[in-house]
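Have it open beside you as you read.

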Amino acid sequence: MANYGLAVDLEKCVGCKACVVACKAENEVPEGVFRLTTHELEQGSFPDLDTELRHDQCRHCENAPCISVCPTKASYRDEDGFVRIDFSKCIGCKACMVACPYDARFINPEGGYADKCTYCIHRVKEGKDPACVNTCPTDARIFGDLDDPSSKIRREISNNRVTLPQEEAGTNPKFFYLNKKLNEVKA
Amino acid sequence: MTDFSRRDFLKLSAATAGALALQGTGTFQDREVRAAPNYWWQDDTATKYSYCDMCYWHCGVKAEVADGKVAKIYGDENDPLSQGNLCPRGQAGVKQVYNPDRLKQPLISTGKRGEGKYRKASWSEALDYAAEKLSGVSENWNGAESIAWLNHCTSGSWFSHIAAAWGSPNTGSPSHSLCLGAREIASQLTFGLPVGEHMPVDWENTEFITLIGNHIGENSHNTLMKDFMGALDGGASLTVVDPRFSTAASKADYWLPIKPGTDTALLLSWINLLIRENRYDRNYVQKYAKGFEELKKRVKEYTPEWAAEVTDLEQSKIEEVGREMARYRPHAVVPPNRKASWYGNDTQRLRALFILNALLGNYGREGGFYFSAAPWVQDYSYPSMKLDNTGGGCSGGGGALGEDTLPEDVRERADKKGEKFLYGSLAEPELIDAIANEDPYPVKGLVVAGNNIFHSAPKKERTKKALRNLDFYMAVDILPQEHVMWADVILPESTYLERYNDLFTAHHKSTPFISFKEPAVEPMYNTKPGWWIAKELGERLGLGEYFPFEDFEEYLNDRLKPLGVSVEEMKEKGTIKQPQLSQPFIEDFESQGKKPPFGTPSGKIELSSDRLKDNGFDPVPSYDEPEEPPEGYYRLLYGRSPVHSFSRTQDNPWLSEVDPENAVWINSDQAEKMGLEDEQYVVLENQDGKRSKPIKVKKTERIRGDCVYMVHGFGHDTPKMERQDEKGASDIELQSDYELDPISGSAGMSVNFVRVAKKGGSS
């Protein structure tokens, strides 16, 4: 029993989108939909500027509205805390899509069922990182057991660089942004 | 179920789903209809080693093959360039294989050049025809020199191999004159060493990095992103000099939004500051450099105060960054960028950059540049060839600063090296000029392999004129790109995952290594590997003795034998590292009583270059003011998307989905002034009245008001490739002018100006 989570160090992300394409490849995500997306936010005005590279995917929330809202119990939490979808039970009603504050779900155009990031559970069960974490050239993506005090993710989220996007949604996401400047923390 | 293959099953369930959808939603709980996909990783898979060919970085990869198809590509953990990671382009190598738009069989033109009418041909017919035509050109005109061979990427060198065997000096790739030639020439003039494909910066130990127009991140070379971020993560300070707030700038401690075209002024002012305030590494310069007094005299006028005026930067910022650089030296580095050809004075600009590094005492020192060590691999034992094969690689060939040593019966290069410019391998735009104008002599045959000359070379109209002026034009490629559909004969190449290719040799952090490529899957369609096409063509041209190997394993085994490995072993390993043959730092040489290996005539770092002086050029860089944009025009700048390689990946299904079209970045205030909305389509027009295809406006604070920016490689005219056809605009369409660098032969293309000529609707 583990409690897996994912953190993206936005200061280390250089916006190359290798994670986006790796996810597409690993999970054979059909054309037109994505399990993982990134986008850039521009802040400030010339020449005092900042940008933030946001990453969006299923956050495998502890308090997941997609599970409670699902009329067929197709959405469920497994023993390792992953939020999963049993495609065979999904009727494509989209209630979960409406309930998700992170817009992480979509209807798979080939199968008609709701679909989303699985944290590459098939890889994690073999002791590997999710494909997006595996490919990241700058090690900006960190995956691991939140309950393991020696895990890298646990160390990283214990510092003062963490932001939980849309924390007010109250879903206790297991997905974190590390977005304070590296220098600020080191100083 | 077991009788079905997985793909059949998917097809069946998709068909059933379609039929049921028509009947309404009443049967949606039918398990057959909603069956979960059988993912590729649920099948048995086989791992094949290769190195990526989606760009020229060539990371080592492991291709996972399931059900006879490449399903997923992972970075090879043992490969020093990949280290187990891949960029988005590397990930999308899968879709290069399974792109339905691929060229599928040899084609012979049945219409006029540029008309795009073809008939199918067998390989033997197409190769016989091509050989007959090429021989005809050689006989009717001036021999082998009448045929030019332009190439790019791993298969390309097989075609310059033919040129070398046959005796045509007119061969090369765009990577020299349209990319990094100027930095290679400048580095060789200054340090006597090329930068090479994989820049030997000691990122691990550097503490102060200054990037000038260097878009790491948007330029997604795997190891470069990794090392750059590793340096920042380790606490290095970053300064980014760029008219645009690039991704790299967003990571910077100092962003200097410089007026485009004035970079040399800034570099010279930093040199001035280091000397005037006595902050340079005096011992290093005294010991390892020559020409300091001339440099000192020259830069006296280039004060930060003067530079502030010229560059539109704050004087205090220029001074602060210069002093910080000095404070951290020699752990301070100003890496050169890759796309070096900007304004036509590029060799001198990069000379200034390298001289600044020399004053920081960082070449051959920790935190600066290390002496790189290429691995040793024996060449294949060919009979001696008429010319050296200079067409491959980006560094302008080993003897880039040397004279071409052509036999007496071979004409000088048609690109007029020696007359138009001084150094370097083939200048593609000048060769195109020679073909278009039959000057200095007629070049009437052209073979282009993997190089989209309509998207790489400026002055597109001239390129068209050149193609019309040929007796015979052949293209070898994977996709029906614009330039391919002008060819008299089209030969479809297999993708990198379907073929063997030559060994790849490189270094990273002074570890030399050799990577291997074997076919992961059988070629799709009727396509063939580049080496096979060249061998078959070479044999038909009477050059069979230069292709003596029967198959490619024999060729590879010949090269691998002295290393004590075989093809079979390489299939298990993918990449092998070699022991270092030379030391990375000056102290390593000196501790053995050796001199550091600066390969200049003086054996020292040449702050002042006698080579340049002897050839009538300024031995020390000076500042030339760039031409200002005409009233109402903006300077056109261009760069890269992290998910695309040049103009060759916009049709890749995964990559086009992530980045389908480019946008023109326009400063918000300027956009307001022109009444432009974000996402609105516009047509740009340059100073010569050349117009772009419609392109979206990106209204942004992230760029200065005197320039606009777009990503290169979009704006295709390829009706046969819908994903990329008419998506965004091409910078090349607007680059009807360029400034030739008289030293390196590079084409500076940031000398074009545009205005918004037409406004359209929003997307």
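## A helix with two sides

On helix α10 of chain B, the face turned away from the buried side carries two exposed residues, B:E293 and B:K297. Helices (H or I, at least four residues) and strands (E, at least two) are DSSP runs, numbered from the N terminus.

Which residues of α10 (residues 292–299) of chain B are buried? They are B:L295, B:R298 and B:V299. These cover an arc of only 85° around the axis, so they sit on the same side of α10(B); the arc is that of the directions from the helix axis to the C-beta atoms. In general, an α-helix has 3.6 residues a turn, so residues three or four places apart point the same way.

## About the model

This is a predicted model, where local features need pLDDT of at least 70 and side-chain atom pairs count only at pLDDT 80 or more, while totals for chains, interfaces and linings use all residues. Residues are numbered from 1 along each chain as its sequence is written, and chains are lettered from A and ligands numbered from 1 in the order in which they are written.

## A mostly covered helix

Now hop to α14 (residues 428–437) of chain B, where nine of the ten residues are buried. Among them are B:L431, B:I432 and B:I435. Just after α14(B), B:E438 takes a positive phi of about 50°. Next, the peptide bond from B:D439 to B:P440 is cis, with omega near 15°, and B:P440 lies in the loop between α14 and β13 (445–449) of chain B.

Most residues other than glycine have a negative phi, and most peptide bonds are trans. Chain A has some exceptions to show you: the bond from A:F46 to A:P47 is cis, with omega near 0°. A:P47 lies in the loop between β2 (37–45) and β3 (48–56) of chain A.

A:H60 isn't a glycine, yet has a positive phi of about 45°. Is A:H60 buried or exposed? A:H60 is buried, with 27 other C-beta atoms within 10 Å. A:D103 also has a positive phi, near 55°, but A:D103 is exposed, with 10 other C-beta atoms within 10 Å. You'll find A:D103 in the loop between α3 (95–99) and β6 (106–107) of chain A.

Key:
Buried ≥ 20, exposed ≤ 12 C-beta atoms within 10 Å, placed from the backbone.
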